[in-house]
Amino acid sequence: MPLRELNSALHALTAGSNDTEFKVINPRGSHAVAVGVDAPVSVQIKGSVGYYCAGMNDGGAITVHGSAGPGVAENMMSGTVIIEGDASQYAGATGRGGLLVIKGNAASRCGISMKGIDIVVHGSIGHMSAFMGQSGHLVVLGDAGDALGDSLYEAKLFVRGTVKSLGSDCIEKEMRAEHLAKLSEILQRAGITGVRPEEFKRYGSARKLYNFNIDNAEAY
Amino acid sequence: MSYHNPYTPPRKSATFDDYTLAEIRRAAATGIYDIRGAGTKRKVPHFDDLLFLGASISRYPLEGYREKCDTSVVLGTRFAKKPIQLKTPITIAGMSFGALSGNAKEALGRGATIAGTSTTTGDGGMTDEERGHSQTLVYQYLPSRYGMNPKDLRRADAIEIVVGQGAKPGGGGMLLGQKISDRVAEMRTLPKGIDQRSACRHPDWTGPDDLEIKIMELREITDWEKPIYVKVGGARPYYDTALAVKSGADVVVLDGMQGGTAATQDVFIENVGMPTLACIRPAVQALQDLRMHRQVQLIVSGGIRSGADVAKALALGADAVAIGTAALVALGDNDPHWEKEYQALGTTAGAYDDWHEGRDPAGITTQDPELSKRLDPVTAGRRLANYLKVMTLEAQTIARACGKNHLHNLEPEDLCALTMEAAAMAQIPLAGTNWYPGKGNF
């Protein structure tokens with residue numbers, strides 16, 4: 001089935017549709033697979049995909065049984081996207097809701113400009129992740145690369161391993177009870193067992209760059 | 001005989017003029033560069049430097065008010081299933097709710113709808129009021145992605161991927177905290193009262209190869225219905241236009257340095273980018289080289305003020321134009337009616353550009369509820385519609401005088417240039433000569 005027919009069929013679903021299970025075989029790295037889904041449908045993609053798989057997903061449960069190219073689940077609104085392999089750059093970029101689970105590693109800029117999405121990465125993430133993150137949670141079971149959380153707003157970052165460096169205005173913060181509870185809930189939603197919230201450190205915004213001050217110029 | 005030195009008047013430096021000196025003192029006192037709204041204020045070669053030749057013996061004119069001169073334009077004919085059809089080639093440029101009050105956005109929608117043209121969202125998402133009052137609404141897809149969502153993508157009539165704008169090619173934006181009301185903050189998913197930075201490049205693509213895939217994704221999400229525009233600031237118009245076409249754009253929007261912004265550093269506005277006049281011909285050349293002129297439509301913006309400017313932009317090869325600053329003036333921005341209040345802000349009507357501070361006496365570039373009430377969206381919308389209709393009539397008047405039965409039939413051959421600079425930039429012969437300064441070396 002050509003890409004256009006797949007996406008068209010997904011968009012044609014309405015409440016009460018009988019077609020709630022889709023299987024995509026041999027995607028061969030195609031771009032924009034299952035984008036703009038706006039119904040509670042299950043999409044199982046058997047193979048690796050290119051750019052923007054599950055882009056703007058709004059309610060779908062989409063699983064990639066392979067790896068994903070750049071921008072997977074970009075601007076997701078709601079629903080769940082699971083990547084069994086690795087994810088390239090910008091995973092979950094600007095996402096506004098839903099849950100993105102990456103079972104492998106994620107490359108640079110994971111969660112860039114995130115706006116409410118929850119992202120769970122089993123492996124490690126690359127540099128500049130959560131850049132200008134506004135809202136939502138980024139949970140990393142492995143390590144984080146350089147400049148984590150640069151120019152962060154109110155997104156909350158949890159890293160179990162090491163952080164190579166923190167970006168401007170990103171600091172380690174106290175892990176309070178409410179954070180442990182939230183982290184526990186996210187790990188549970190992501191189906192992760194055997195990992196305790198206490199093993200993570202929390203990072204967030206120092207909020208020093210929220211209003212321009214010339215004396216902070218070296219941070220810009 | 002005694003000798004008296006004759007009086008020598010004090011001489012001020014041309015380099016260090018009064019304005020420059022004041023800026024140095026201001027920077028020293030405040031420790032911050034000047035941020036302001038609007039486009040460049042410096043004088044640059046512009047449409048004023050071109051004239052139409054009109055008809056004579058070698059070509060005959062059309063009768064004003066009697067013989068038809070079509071002004072319609074269709075945008076998005078390359079790939080979109082549902083191209084946009086407008087009655088006039090004068091569109092309203094993207095301006096955000098946040099930068100502008102809700103009433104101002106409603107007025108823009110009302111005015112554009114009466115005149116049969118489109119209006120455009122901005123960096124802050126789409127409001128229900130704006131959608132409701134705009135018959136044809138272009139939804140901007142910006143680097144910040146504030147408020148971006150698939151439902152609004154689908155209820156838009158076209159999508160404009162903003163790569164840059166003329167006031168600040170290569171730059172992002174900054175909406176200062178004082179304009180962040182509860183509603184603006186909610187739409188942008190950010191805390192109230194903090195400065196909101198709009199990123200200078202998109203978070204999930206870089207370069208034309210990525211852009212091609214991004215456009216394909218947006219088409220897939222919207223089932224190939226919507227025209228997709230790509231907006232660039234006037235920097236390298238030949239290559240930017242060619243790359244936008246290569247990436248699959250239906251429409252290229254090209255914004256020269258006179259194009260306005262809600263808030264950017266003055267040093268950026270005044271020193272980065274090219275005048276609108278210098279941008280058009282290279283962009284048209286790119287379209288022609290790719291055999292895409294009139295297949296991919298070109299919208300030109302940046303300093304369009306009158307029907308003459310519209311006619312000149314179209315004669316140089318544009319399919320349509322967009323207005324921003326002029327539309328705000330039509331609504332009531334910088335109106336002398338508020339002179340006392342402008343003076344209280346340390347400025348004067350016609351010069352007020354601190355749009356980012358949210359204290360606009362005209363109630364347009366503000367989120368202050370009391371100031372916003374000053375703008376009646378129905379009356380202001382009517383004013384905008386009047387202005388758009390006058391501009392359209394003016395452009396028709398010129399086109400008829402040149403013997404054209406459609407604004408798109410205007411051509412470079414209808415023009416002459418008053419200055420060598422304008423001649424070189426617009427590739428139009430200097431008036432009274434057949435000399436094209438600089439031709440052959442774009």
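# A tour of chains A and B

Start with β7(A), which is mostly covered: five of its six residues are buried. Buried means that 20 or more other C-beta atoms, placed from the backbone, lie within 10 Å of a residue's own; exposed means 12 or fewer, and partly exposed is in between. Strands (E, at least two residues) and helices (H or I, at least four) are DSSP runs, numbered from the N terminus.

Before going on, note that this is a predicted model: local features need pLDDT of at least 70, side-chain atom pairs count only at pLDDT 80 or more, and totals for chains, interfaces and linings use all residues. Residues are numbered from 1 along each chain as its sequence is written, while chains are lettered from A and ligands numbered from 1 in the order in which they are written.

## Stop 1: the partners of β7(A)

Five bridges join β6(A) to β7(A), and the two run parallel. Two strands count as paired if DSSP finds at least two bridges between them. Look for D118(A), which stands opposite H137(A) in β7(A).

β8(A) pairs with β7(A) over four bridges, in the parallel sense. Here V139(A) stands opposite F158(A).

Next, pick S135(A), in strand β7 (residues 135-140) of chain A. Is S135(A) buried or partly exposed? S135(A) is partly exposed, because 18 other C-beta atoms lie within 10 Å. Leaving out residues up to four places away in sequence, S135(A) touches M114(A), K115(A), G116(A), E154(A), A155(A) and T189(B). Touching, or contact, means C-beta atoms, placed from the backbone, within 7 Å. Select S88(A) as well: S135(A) and S88(A) are 47 residues apart in sequence and 21 Å apart in space, C-alpha to C-alpha.

## Stop 2: where the chains meet

Show both chains. The contact takes 36 residues from chain A and 21 residues from chain B. Which element gives the most to the side of chain B that touches chain A? It is α6(B), with five residues. By class, that side of chain B has eleven nonpolar, four polar and six charged residues. Nonpolar here covers Ala, Val, Leu, Ile, Met, Phe, Trp, Tyr, Cys and Pro; charged covers Asp, Glu, Lys and Arg; the others, Gly among them, are polar.

Stay on α6(B). Buried residues in α6(B) include L211(B), I213(B), I215(B), M216(B) and L218(B). What covers the buried residues of α6(B) includes α1 (3-11) of chain A, together with β7 (137-141), α4 (150-155), β8 (158-162) and β11 of chain B.

## Stop 3: helix α7 of chain B

Select residues 237-246 of chain B. This is helix α7, mostly covered, with seven of its ten residues buried. The buried residues are P237(B), D240(B), T241(B), A242(B), L243(B), A244(B) and V245(B). Their cover includes α6 (207-221), β11 (228-233), β12 (251-255) and α9 (276-289) of chain B. G248(B) follows α7(B), and its phi is positive, near 105 degrees.

## Stop 4: the sheet of chain B

Now trace an open sheet of eight strands in chain B, in the order β5-β15-β14-β12-β11-β8-β7-β6, with parallel pairing. Its edge strands are β5 (90-92) and β6 (119-120) of chain B, each pairing on one side only.

Inside the sheet, strand β14 (residues 297-301) of chain B runs parallel to strand β15 (residues 320-323) of chain B, joined by three bridges. V300(B) stands opposite V321(B) in β15(B). α9(B) packs on the sheet, touching β12 and β14 of chain B, and its direction makes about 175 degrees with that of β14(B). Such angles run from 0 to 180 degrees between N-to-C directions, using lines fitted to C-alpha atoms, for helices over the stretch in contact.

## Stop 5: two loop residues

Go to the loop between α9 and β14 of chain B to find R294(B). R294(B) has a positive phi of about 75 degrees although it is not a glycine. R294(B) counts as partly exposed because it has 13 C-beta neighbours inside 10 Å.

Then find N334(B), in the loop between α11 (325-331) and α12 (339-344) of chain B. N334(B) is not a glycine either, yet has a positive phi of about 60 degrees. With 23 C-beta neighbours inside 10 Å, N334(B) counts as buried.

Key. Two residues are in contact if their C-beta atoms, placed from the backbone, lie within 7 Å.
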